[in-house]
Amino acid sequence: MPLAFAAAAVHAPGITGRRETATEQQRAVFFEAYERLRACLEAARLDALVIVSAEHFTNFFMDNMPAFCFGLAEDYPGPAEDEPFLKIAKTRVPGAARLARALATAVSEEADIAHSQEIVLDHGFMVPLHLLTPRMELPIVPIVVNCLAAPRPALKRCYALGRALRRAVDARPERIGLLAAGGLSHWPAVPESGKLNVEWDRAFLEDFLAHRRDALTRYSEDEIERDAGPGGHEVRAWIVVSAATEGARGETLCFEPIPAYAVTGAIATMAV
């Protein structure tokens, strides 16, 4: 069955942990868009949701940092962060283990991937899940991308992964959704925290919606670091989803710069 849902959204911990620090207008625009995305997700009647997000030294460190890792577990604990910080209660999210194994097997014919049955979900997964599936009933397949420690996977490899993932999804009988979580420009845990590059974000989002492969994969590591900050490397998750939805019409649900959350509140869907 063809892909039944596709979207991308930011996952900054301040979204839930410091919700009230944004202005009333910013909160209204941003959380209304997340509600619209939730309605789209529910309308898709999914059997499982594949979530592509970034590593934050939650599961891997410098002794072992895979470029791409598929979670294969029956369920996943999360969030890794303390509840007072993230404002999300500890829980276990159901996994789609059989589907995950099938997708990983199919994708591995075209891309080198790692896999794990011990993935822990941090804010990169739990913030969007908390807002989109608060009852935590929808089974997931987490894919962790190294957006943190150089050498990171080349942007072209992320695009290739997305194409391979789409072929694997379309070969399955389940109703499957795909969500990228992360980005766009941000400077986390550094003195520049709260800084945004709104023009960079807008240009990237336009390329994402139009599936412009050459534009999405043109950035060097240094260019991303300079123009989008250390957190800007998380656009790799968005690149995976853009590649997996080639030919689909994209729509921006929200583009609201929110310095209090240290990120531009970007949310987009693909009409797959």
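Helices and strands here are DSSP runs, helices of at least four residues and strands of at least two, numbered from the N terminus. With that naming in hand, let us tour some close-up views of this predicted model.

**View 1. A262, in the loop between β9 and β10.**
Start with the backbone here: phi of A262 is near 60°, a positive value in a residue that is not glycine. Most residues other than glycine have a negative phi. Is A262 buried or exposed? Its relative accessibility is 12%, and buried means under 20%, so A262 counts as buried.

**View 2. V263, a buried residue of strand β10.**
V263 is found in strand β10. With a relative accessible area of 1%, V263 is buried. Which residues does V263 touch, not counting those up to four places away in sequence? They are V10, A12, G183, L184, S185, L196, E256, P257 and I258.

**View 3. Helix α7 and its surroundings.**
Helix α7 covers residues 198–210. It has 13 residues and reaches 18 Å from its first C-alpha to its last, close to the 18 Å expected at 1.5 Å a residue. The buried residues of α7 are W200, D201, F204, L205, D207, F208 and L209. What covers them? The elements include β1 (5–9), α8 (213–216), α9 (221–228), α10, β9 (249–258) and β10 (263–271). Just after α7, H211 takes a positive phi of about 55°.

**View 4. Helix α7 beside helix α10.**
Here α7 meets helix α10 (residues 235–244): their axes come within 10 Å and cross at roughly 20°. The two helices are therefore roughly parallel to each other. On the α7 side, the contact is made by W200, F204, L205, D207 and F208; on the α10 side, by V235, W238, I239, V241 and S242. Sorted by class, the residues of this contact divide into eight nonpolar, one polar and one charged.

**View 5. Helix α10 again, now with helix α6.**
α6 and α10 pack at an angle of about 45°, with their axes 7 Å apart. These two helices are therefore oblique to each other, and their crossing is right-handed. From α6, the contact draws on L155, C158, Y159, L161, G162, R163, L165 and R166; from α10, it draws on R236, I239, V240, S242, A243 and A244. By class, the contact of α6 with α10 has nine nonpolar, two polar and three charged residues.

**View 6. Helix α6 on its own.**
How many residues does α6 have? The helix has 16 residues and reaches 23 Å from its first C-alpha to its last, close to the 22 Å expected at 1.5 Å a residue. Look along α6 for its buried residues: L155, C158, Y159, L161, G162, A164, L165, A168 and V169.

**View 7. Helix α6 packed with helix α4.**
Helix α4 (residues 97–107) and helix α6 (residues 155–170) pack at an angle of about 125°, with their axes 9 Å apart. That angle makes α4 oblique to α6, and the crossing of the pair is right-handed. L103, A106 and V107 of α4 make the contact with L161, A164, L165, A168 and V169 of α6. By class, this contact has eight nonpolar, no polar and no charged residues.

**View 8. L121 and the residues around it.**
L121 is found in the loop between β6 (114–116) and α5 (123–132). With a relative accessible area of 0%, L121 is buried. Leaving aside neighbours within four places in sequence, L121 is in contact with Y76, P77, G78, P79, A80, V93, M126, L129, I140 and P142.

**View 9. Two cis peptide bonds.**
Most peptide bonds are trans. A cis peptide bond, however, joins G78 and P79, with omega about -5°. P79 has its place in the loop between β4 (75–78) and α3 (83–86). The peptide bond from A150 to P151 is cis too, with omega near 0°. Where is P151? Its place is in the loop between β7 (140–145) and α6.

**View 10. M136, in the loop between α5 and β7.**
M136 is not a glycine, yet it has a positive phi of about 55°. At 11% relative accessibility, M136 counts as buried.

Technical notes: Residues numbered from 1 in each chain as written. Predicted model: local features only at pLDDT ≥ 70, side-chain atom pairs only at ≥ 80, totals over all residues. Heavy atoms only, no water. Axes fitted to C-alpha atoms, helices over the stretch in contact; angles between N-to-C directions. Parallel < 35°, antiparallel > 145°, perpendicular 65-115°, else oblique. Left-handed = near helix turned anticlockwise from the far one by under 90°. Contact = heavy atoms within 4.5 Å. Nonpolar A, V, L, I, M, F, W, Y, C, P; charged D, E, K, R; others polar. Expected span 1.5 Å × (residues − 1). Buried < 20%, exposed > 50% of the residue type's maximum accessible area, 1.4 Å probe, protein only.
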